[in-house]
Structure formats: structure tokens, C-alpha cells
Amino acid sequence: MDKAKVGVFLSDCGKQVSEILDFNAITDYVKKVSGVALVGRSSEFWRGKGLQLIVDSIKNGKINRIVVAESLPKLSEVNIVQAVENAGLNPYLVNVIDLKDHCAWPHRETPSEATEKAKAILLGAIERAKLLEPIEKLEFPILKSVLVIGGGIAGMQAAVDLADLGFEVHLVERAPFLGGLAAQAGRFFPTDDCAICIQSPASDVKTITHTSRKCVYRSGFSEIPNLNILTNSKVMGVEGGPGNYKVTIEKKPRYVNELKCVACDLCTAVCPVEVPDEYNARLKTRKAIYMNVPNVHPPVYVIDESFCKFHDCAKCVEVCPTKAIELDQKSEKISLNVGSVIVATGFKEFDSSIIKEYHYGDYPDVVTNLELARMIDGFGPTGGVIVRPSDRKPAKKIAFIQCVGSRDRRYNPYCSSICCMISLKHATLIKSAYPDTDITICYIDIRTTGRQHEDYYERAREMGIKFVKGRPTEISRDPETNRLIVDVEDALLHRFLELDADLVVLAPAMVPSEGTKELAQIGLESLLDEDGFFKEYNAKLRPTETIVRGLYICGGATFPKDAPTTSLHAHSAALKAAKFMTTGKMIKDQRTAVINEDYCGDCEFCPVTCPYGAISLEPTTEEHFVARVSDLLCEGCGVCVGTCPLNAIELRHSRPNQMLAQMKGLMSVNGTSKPLVLAICCSECGHTAVDSSGMAMMKYPANIRIMKVPCTGILQIHQFLDAFKAGAQGVMIVGCKSDGCHYEVGSQKAEKKVELARVLLKEYGIEPERLEMFNMVFIEGDKFAEAAQMMTERLQKLGSLQLMGGSQ
Amino acid sequence: MEHETVTSLAFSDVVASRLGGETVTLCYQCGTCASSCPVAKITERFNPREVIKLSLLGEKQEVISGDAIWLCCSCYNCQERCPQKVEIADVIYALRNIALNEGYIPNIYSEFASSLLNDGRIVGISKFVENKRPTLGLPPLQPTGVDALRKILFATGFDKLQKQEETS
């Protein structure tokens, strides 16, 4: 590499900085630093003439490393780096620092001390710049195809969006028919319309009107040429990585040819096998060859292989006019390569039979909301009549019980968020169809938080539906009449009630679906939260993304959701996937970890620690293996560096020698009477908290020296010792909040390391309180200023640090 | 409630810091405990939900001076069924301990206490019972070793609680 020729560019930010700092003294100082080839001064360097000076100096070969002191470096850096790159220099040889918010403003009352600190900041930056190395950009191909797992409303909506945008879409549904829980639930709040109504594709599909919503069976959905619908299919494996996931799918035999079946119903008429219909709450029977309801998609029968007698019977084969029934179909393995994956596996009802005192599964007249929905559905087993399952007589008195297994620390601590609305919807639908029905809803709190949702509650009260604030303790049954008795305290009236009811409807918690659990088992377990739902990358900003690029989540797979929210979620996931795949490639720089294979070997710390799964172990010989970093997955946080016991990993953009050089620079100039403190800040919350203290002109003493690292997780214990050796009297580690680390685990790792290091310091005879970790966010600039002040006072009390051999 | 009554929310912290009282703040007043309670079914003087609510609202005096907390029969029905895992019966024990420390103890309990101190038994044995035992084939009762027990009761300060009750 060429000898480093550093160009230092000092912006006075329109005199804001030079009014406080002695710029002439600083310029004179910097000129004398070895390796500095040029010092420029201007009122701004991120645009205009100032930036042109940087560009010209690169072009005429005067400089090959750049240090710019500019205000708001996190913004100005973008422009400077771009211009540097355009001028032909590697953009990672630039170091932009802040003399305003990190120096002049917070120390404006002690300008001479601030000037000395500015020298230290610049010296540190120059020494670091000299050691910077060029970093290359890599291009990764991304397949323009997507796997959508789950054919409920979330999956269908996301699939239509992406198919419309021209991506190749594979929609996989484990059940024989699309629609998921939604189709079974019948009608939706707040529109009270059918579940199977979906947004029509915008693609040019036959005669479909584009803007109008349609029932799924007439939506033209299945006619979209680049949408491949696989029902009765299960995802068996997801391997590979972003841009190229290798997916294996098992397509189970339907025994009915989808292309030949005309849904004429002759087969079900002759089928001799009758079994309870689970889909319809066991309130009716179905045949071994069946459809859930007549309006399903695909409109093709399926044979239930656990009940069909196959060739021993084969009556359906005989009657089928189109020869669609194929009893010898075998399950089929399908392998696909896709650029991204959308998980839309939904949720299901909690198994209420676990709560023994409610006798669900024991008393037939205790049903769940989903089972009630089947009764309300005109296509359902009772043709829309609400009956007592025990004797099929109309239910005249109905009691609902809310929060069955939800908001319950024994089962699911969370509020499922939709069950109040489901019960209100059901109660009002029943009351409008059968006004003489006596309905009581037992609730803990009624939660109707959505547009038009409160209307349901209001309408329910108008209709005479009764509300009892109280969670029933038990359901019992009168042995003579078989009527149910709900034992509940009306907490508002301080009265104990024994409500008698023909039918008790439980509103169970919504829990992760079987599909969600199965996906977890094939290697996605780390993406689940403590309740078993898929966890988003960031609830506020990335609600449908996961920590893995190219892997998106939406709908009920992430948490119980109503239909409008599920739709929103699906569209969001589709957009994120489209954004990821749209150019067919991803350009990513190599600001990543690099392994020194001479040192690395035979431990598993880094692959286990990496929050992004970017590190794998590969065998070198039969007995040894080394870590390999995927440049595609690595986010460049350095948590692996901090974990490696052998110093075998470094970040290209934050090597230990670069950090040490900067540290020494920062500690080389004192100029204050106060003890020097090195504040090592993460580039996210920590460093920005320092910014915000400066922006708000908060004051703290000039002995506080700021050093930025990608994440506090990169730090190793010896670096704390290095800091003391370099002349620091105290060390502050400033990172994100433990549970809000931008790199997931870095902050926690650093906390643990600081704790350990303090034990070690004590052994060395150094007061452990000279080292402390602080956690803060951007808006907590005041917290940083306070911490800096506190640390300074603490060190003044402790007195000067005596190291064996003296400090350097 | 009288206007000048100032409720102290810190009382819930006091309860939560006592053994058994830790879970009191989890309560969201669903009433499962009340409808599970066999005592509440027969008397309006006790409702576990209300005892917890009053404790959370800081109505210390009302809780510890009233007789509600002494009416719990410790069947633990409420605790078994509470969806928030509030250890209701144990919270009530914690409240009883607070009440006791502040000198509130119903007569029946102080009778138990003096019986324990004097005879080594919570419930005193009447001559009638003693005479009845042989007729039922039961052996005569053995002495309780009350001296050893009293040492423990003195060492743990139980006797002081007793005195406090007597003086109040």
C-alpha cells in the first residue's frame, strides 16, 4: 500500500466552532503531525468549494487518506464519501469527526481546554486514518422468486401482490384448501363481510374487473400465470441464504386430479365412508372424499387417506365422469430455489380443554368461538341455526366467556387482542338473526381498539346483550336438565351469579399455529419469540422483517391479528420482499469480519454468538475446523471479535491496531487539570447520545475523550487495559440499552465483559470503579453529560492512577 | 370515604415486600377468586377480590383492622384458578402478619396463641375430650413438651406479639 498521505480538512461550521476553538493553534498542531500532507480550512467541507478542495487534492495525488472535521458528520459523511469515491479514492479511507457537538459546544466555557481536546481528537483521527485500508464492494445475485408459506388471507394477499409485480410466486398451503382460519371464521369485523373475499389481482386475468374485491373462488387468483399454488403441501426444509433459498416441499397426494375434477359431487354421493367433520366443529359428518364447504379454492375434492378404503371400494372412481380420481397418486418432493421467503402461517385457537373447570371437550354444549362461527355460517353444519350440540335444539340462552387461556399467566400471558371483537360480532349476528336469544358476555375488560370496533359494543348494548364484569370460575352441568351453569361474580354489583345457559361459548386465546411450530422445527426456531410467534426485526420500523435478510413474516404468524391488520401486514411483507428482490442483486461492502485462519480453530464461540448467523465452521483437516464469515450475512458489528478468545477475528473497518492508534492519540494531549477519561461509544445509541448532548449545548468537562466503535460488543478486556496504559484515568463504555442494542446482543456482551474486567482490575490493584458501562439512547444526551460529570468527580476523588511501569 | 383520608399507594409495596404478598400487584380484578371462594358465597364480610383491591388502593387501615382477612379458610381454590397467578391465600397471610404486627388480632386467634404458649396446643383439650378418648380406643394424650416449645416461641418473639395484643 502507498505511504499514507493524510489530508486534514477543518470546517469552522460558519465560525460556530472557531469562535470557541483556537483554529490557528489547531492548524499549526496538525501540520506537525507526521503523515499529514495537507491541512485545509473552510466554513464547510460537505459541499461546494470545500468539498471540491478534497476532490482536487485526491485527483492530483496529494492525499490518500482523509480526515474531515465537520458538523453533523453522520449526515455530511454521506456526501463526502460519495465525492471521494467519485474522485477515485476508496471511500472507506475517510474519517469524518465532529469538533462542534463533541468538543466546542459542550466545553464552550473552557475554550483553551476545548482547543487542546480538539488537537487530541484530530491526532486520534489522523493516526487511525493512516491505518485505514480500502474496502471492496461485493455483488450478490438475488433470485426474483418467492415462497409464500401459508394460504390464509395473509399469504394470499402477499402472493397476489408479488405476482402482480412480476415475481415468480409459489404459495404453499398445508391444508387441501386455501383460506386458512379466516375461511373457517366465516364473517369478519368491522365489515361483517365474508372471509373468502379477497382483493382481485391486478394482472391481466381474463375478464376480472381490477378494482373490485371478489370471492376467492371467482377472483381469478388461480389464473395468474406466475403464481403457483400448492395446496396439501408442506415445507420440509429451508436452506441456503438470502437471495437463494433452497426449499423442499412435500406435495401430499390429493388422489383427485386438479386439472380434471369438475366438482360435480357424484363422488361424495357414492362414498360409503362417513366421518365426523372436524372443519365444521363435528356438528355434521362428511365423506372420505370431500370439500370443506362448496365455495372453496381449489374447487377440487380431496380424499382423506386415513379413512378411505381405496381399491377395496373405488366407487368414486367408477362414477367420476372425468376420470379425475387417481387412487395411486404418490406424494411428490418439490425442490425450489427462491430469492426470498414469506412466512404467513397464522394462528389457531388455544386448546381450552386444558382449563378443566370449563369442561370444554367434556360438556358438548361448551363450544369455542370458531365452532360457533361454523354454526353462524349459512354454509355451515346447521345452516346458520345456533344449536346445542348435545341435542341439536336451538340455543336460547347463550353465555360467552372471554379470555380463556389468554391474559392468563398459566397459559398465555398476552391479550390475544381480537377475541372481544369476535364475541361481540358473534353475539350481535346471533341477536339480529334470532332477537329472542338471551346473550350474556362475561368479560374482564372489553377491548375494542380499532376503527368502528366500539360500534359493535354499542350495538350489542342497544340490542340488549348483557355484560357481566367477571371471569367465571367454573361451568357446571345440571345432571337432570343438562343445562349449563356458569358460576361468576358480577364484580360491579358485588353479586354472585349462577347463569344458566343452553350454550356456553369460550373465547380462547389465539396461539401459534401448527404450521408455525413445524417451521420452527425445520431450523427457524431462533426466529420465534417467547410465546412461539415469529418475532419481527423491529416492532416499530421493521414489523414484517426478520433478522435474516430475505425472510419475511406477516399476519397471524407474528401475533393474533384481525383481518384489516393482517392485510396491512401482508402488503408490507410483500413490499419488503419486492424491494429486496427487485434489482436481482444486492451490493454490499466488505465492512465485515475477517478470520485469521492461522489463529482460528476448534472453538464454537463466534458462530454461536453472531446475531446474524453469519459465521459457520468449516473443516480444514479431519480433526480441525475454522470459522468462515459470510460477507452477505455479516453486519459488521464485531460481536464475534469481542467473543473470540484467540484474537483470530477482526473487522476490516475497525481493526485493533486502528482502535489502539486512535486511543493513544486521544490520550496524548491533555490540557486540562482533570483526569482523562476515555468514553468508548458504540456507533449507534452511544455515539448519538454524545451528539445529542452537544446539539443541546449541555456541558461536561473537556477531559472526556470520545472514541467510536461499531458496537460495544466488539470490545475485549485487554482494550480497557490498553486505555489505562495509554493514559486514561477512567474508562466509560457507552452503548445501547441492553434490550435495544442495534446489533441485538452487543450491549449485553459488553456489560458482562465490563463486569469481568472490573474483577480483573481489582486483582491488578486498579479501582474497579474507574471502569463503567452506561446504556442510553439518542435522546438521553443529558444522561451522557451527567455520566461524564459524575465519572470526572469520581476520578478526582480516587486520585491519579498509578500503573506499574507508569503510563505511557 | 371521608374527605381528609389520604390513601397511601405505598401500602401495596409493603404487602408485596412480605413473604406471600409478592404477587399482589398482578391482580386485574377479574373476580375468579371471588366466584371460587366458598366463604364469599355465604357471607358478605369476605370477598378476596375486594381485599386485594383495597390493598392495592392503599386502604391499609380498612384492610388490617377489619375482620375480612381473618375469614379466609385457606382452601386455595382462588389461588389455583387465578389467571394472573396471584397467590391470593398467601397474600392474605401476609396481610394477617401486617395486621398482627400492628396489634390487630381477633380474639379467637389470641386464644389460640395463649393456648399454644401455655399448653403447647393451639386448641385446648377439655376434660370431656380427654375422658372420651379411652372409650374410642385412643391412647391418652402425651404431654406436649411445652417448655421446649416456649423456648422457641420466646426466641422467635412470639410471646412479644402476644403481649402487644394484650396491651392494645
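Colleague: Before we start, what counts as two residues being in contact?
Modeller: Two residues are in contact if their C-beta atoms, placed from the backbone, lie within 7 Å. Keep in mind that this is a predicted model.

Colleague: Fine. Leaving aside neighbours within four places in sequence, which residues is V504(A) in contact with?
Modeller: Setting those neighbours aside, V504(A) has contacts with D365(A), V366(A), A399(A), I401(A), I475(A), L484(A) and V486(A).

Colleague: And which members of the largest nonpolar core touch the most other members?
Modeller: V504(A) is one of them, along with V148(A), A158(A) and I342(A). That core has 135 residues.

Colleague: Which helix gives the most to this core?
Modeller: Helix α6 of chain A, residues 153-164, which supplies eight residues. Apart from this core there is another one, with 112 residues, including I20(A), V639(A), C644(A) and M732(A).

Colleague: Switching to strands. How do β11 and β12 of chain A run, and how many bridges join them?
Modeller: Strand β11 (residues 233-241) and strand β12 (residues 244-251) of chain A run antiparallel, with eight bridges joining them. One bridge pairs G241(A) with N244(A) of β12(A).

Colleague: What about the hairpin, how many residues are between the strands?
Modeller: Two residues lie between β11(A) and β12(A), and G243(A) in that hairpin takes a positive phi near 90 degrees.

Colleague: Which other strand is β12(A) joined to?
Modeller: Strand β17 of chain A, residues 332-338, also antiparallel, through seven bridges. Within β17(A), S335(A) stands opposite T248(A).

Colleague: Now chain B. How many helices and strands are there?
Modeller: Chain B has 11 helices and zero strands. Of its 168 residues, 30% are buried.

Colleague: What share of the contacts in chain B join residues at least 24 apart?
Modeller: If you take contacts between residues at least 6 apart in sequence, 67% join residues at least 24 apart.

Colleague: What does the domain assignment give for chain B?
Modeller: It gives domain 1 at 10-101 and domain 2 at 107-167. Their C-alpha centres are 28 Å apart.

Colleague: Last topic, the contact of chain A with chain B. How many residues does it take from each?
Modeller: It takes 15 residues from chain A and 14 residues from chain B. On the chain A side, the largest share is three residues, from strand β25 (residues 484-490).

Colleague: And by class, what is on the side of chain A that touches chain B?
Modeller: Eight charged, five nonpolar and two polar residues.

Key. Residues are numbered from 1 along each chain as its sequence is written. Chains are lettered from A and ligands numbered from 1 in the order in which they are written. This is a predicted model: local features need pLDDT of at least 70, side-chain atom pairs count only at pLDDT 80 or more; totals for chains, interfaces and linings use all residues. A nonpolar core is a set of buried Ala, Val, Leu, Ile, Met, Phe, Trp, Tyr and Cys residues joined through C-beta atoms within 7 Å. A residue is buried if 20 or more other C-beta atoms lie within 10 Å of its own, exposed if 12 or fewer, and partly exposed in between; C-beta atoms are placed from the backbone. Helices (H or I, at least four residues) and strands (E, at least two) are DSSP runs, numbered from the N terminus. Domain bounds come from an automatic or database domain assignment. Ala, Val, Leu, Ile, Met, Phe, Trp, Tyr, Cys and Pro count as nonpolar, Asp, Glu, Lys and Arg as charged, and the others, Gly among them, as polar. Two strands pair if DSSP finds at least two bridges between them.
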